[in-house]
Amino acid sequence: MNDTRPLRFHWSLSSVDASMQRVHRETTKSGVPDLDAHIAFCREAERCGIESLLVAFGFARPDPFLWSATLGAHTKEINFLTAIRSGVSSPTYFVQQINTLSVLTGGRVFVNIVAGRTPEEHHFYGDFLSHDERYERTDEFWQICHALWRNDGPVDFAGRHYRVENAQVRTPFLAQTGNRPEIYSGGNSEQAIQLAIRHSDCLFTFPEAPKRLAERIRPVLDSGTRVGIVTSMIAKSTRDEAIAAAHGLIERAGDRARDVQIDRRARLDSVGFKSMYELAENDTAWVTPYLWAGAVPYLGATAISLVGSADDMINSIGEYRDAGVTDFLFAGFPDLEQMQFFSAEILPRIREEEDI
């Protein structure tokens, strides 16, 4: 084991109560999830020992700040990994929003910042920067945010993308863990790695074979920043059951889902998302005995999955832990069933191993 810190497990709210929504084009989706279902899932996540829940950003989703605040009012312990993109608001206003959310939730807020993946969607928000320029802007964004959270006086900053003078936020970040939220950045590109090293507590990245991943994330770990992987889970009582469920997922998605993904892939400029499509295209469906890319051509990059029995999941998580991974952001097919299986059959054994 390369890291003695306890592993941390997070879950995505993106497909709760709608596990097959990725077979449809985003322009046909409703941006109004089932609030009661989300509240129930959040409460179950608390019982299941999940660290935080991702509240994602996108035009086909509700506003992540308002959604996190609402879910926070109906829960007691779970943290909300609230997503944001630079360029949507000013850094000062963002800090004000996050700090206010910390007041409303008792400090139960993390931040997930991504540079984005689809230029077309960025244009919806008036953002016309290229992939690399978005990372440059995000670097400036975080410089201002960190200065405001340090609260060492009015902030002056003049960069290519942002300029603030005597900036202040009078609403503090309120949490027992510190004067700012934990920051999770996402991406697979070199720009994402450097951004995480400079500004983040943890880099979320898509998985690959553990040995290859270990080489890619070494600079991040050497800097003291944690690394997490983003993956779906298809876990059953036996490996044969899990594999059957995985293939059943493809059958349910159908060939029309491939057409949706072909169109989506053509519009991407995200290195991470492109890498998952390439993995599904150039390798066998089984990247490792546990990591399966077979659903990616039907359900997108986030359908890269750990597949198998509880023993298989524990072995796979152990391999990634040995590669330096300490955080896991899961989704499931379906989410509630998979999270409950994880909590009952997998998590207690992982915690037992950590205590040895």
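This is a predicted model: local features need pLDDT of at least 70, side-chain atom pairs count only at pLDDT 80 or more; totals for chains, interfaces and linings use all residues.
Residues are numbered from 1 along each chain as its sequence is written, and side-chain values use heavy atoms, with hydrogens and water left out.

**Stop 1: two helices side by side**

Select residues 35-48, which make up helix α1, and then 335-355, helix α13. Helices here are DSSP runs of H or I with at least four residues, strands are runs of E with at least two, and both are numbered from the N terminus. The axes of α1 and α13 come within 10 Å and cross at roughly 10°; axes are lines fitted to C-alpha atoms, for helices over the stretch in contact, and angles run from 0 to 180 degrees between N-to-C directions. The pair therefore counts as roughly parallel, a label for angles under 35 degrees. To see the contact (heavy atoms within 4.5 Å), show residues including Phe41 and Glu44 of α1, with Leu336 and Met339 of α13 among their partners.

**Stop 2: a cis bond**

Now go to phenylalanine 333 and proline 334, which are joined by a cis peptide bond with omega of about -5°. Proline 334 sits in the loop between β12 (327-332) and α13. Most peptide bonds are trans.

**Stop 3: aspartate 312**

Next, pick aspartate 312 in helix α12, residues 310-322. Is aspartate 312 buried or exposed? Its relative accessibility is 11%, so aspartate 312 counts as buried; buried means under 20% relative accessible area, exposed over 50%, and partly exposed in between, with a 1.4 Å probe and protein chains only. Leaving aside residues up to four places away in sequence, aspartate 312 touches Arg239, Tyr290 and Val307.

**Stop 4**

Most residues other than glycine have a negative phi. Asparagine 151 has a positive phi of about 55°, and asparagine 166 one of about 50°. Look for asparagine 151 in the loop between α5 and β5 (155-158), where it is exposed at 59% relative accessible area. Asparagine 166 belongs to strand β6, residues 163-167, and is exposed too, at 51%.

**Last stop: tyrosine 125**

Finish with tyrosine 125, in the loop between α4 (119-124) and α5 (131-150). Tyrosine 125 is partly exposed, with a relative accessible area of 36%.

Conventions
Angles under 35 degrees count as roughly parallel, over 145 as roughly antiparallel, 65 to 115 as roughly perpendicular and the rest as oblique.
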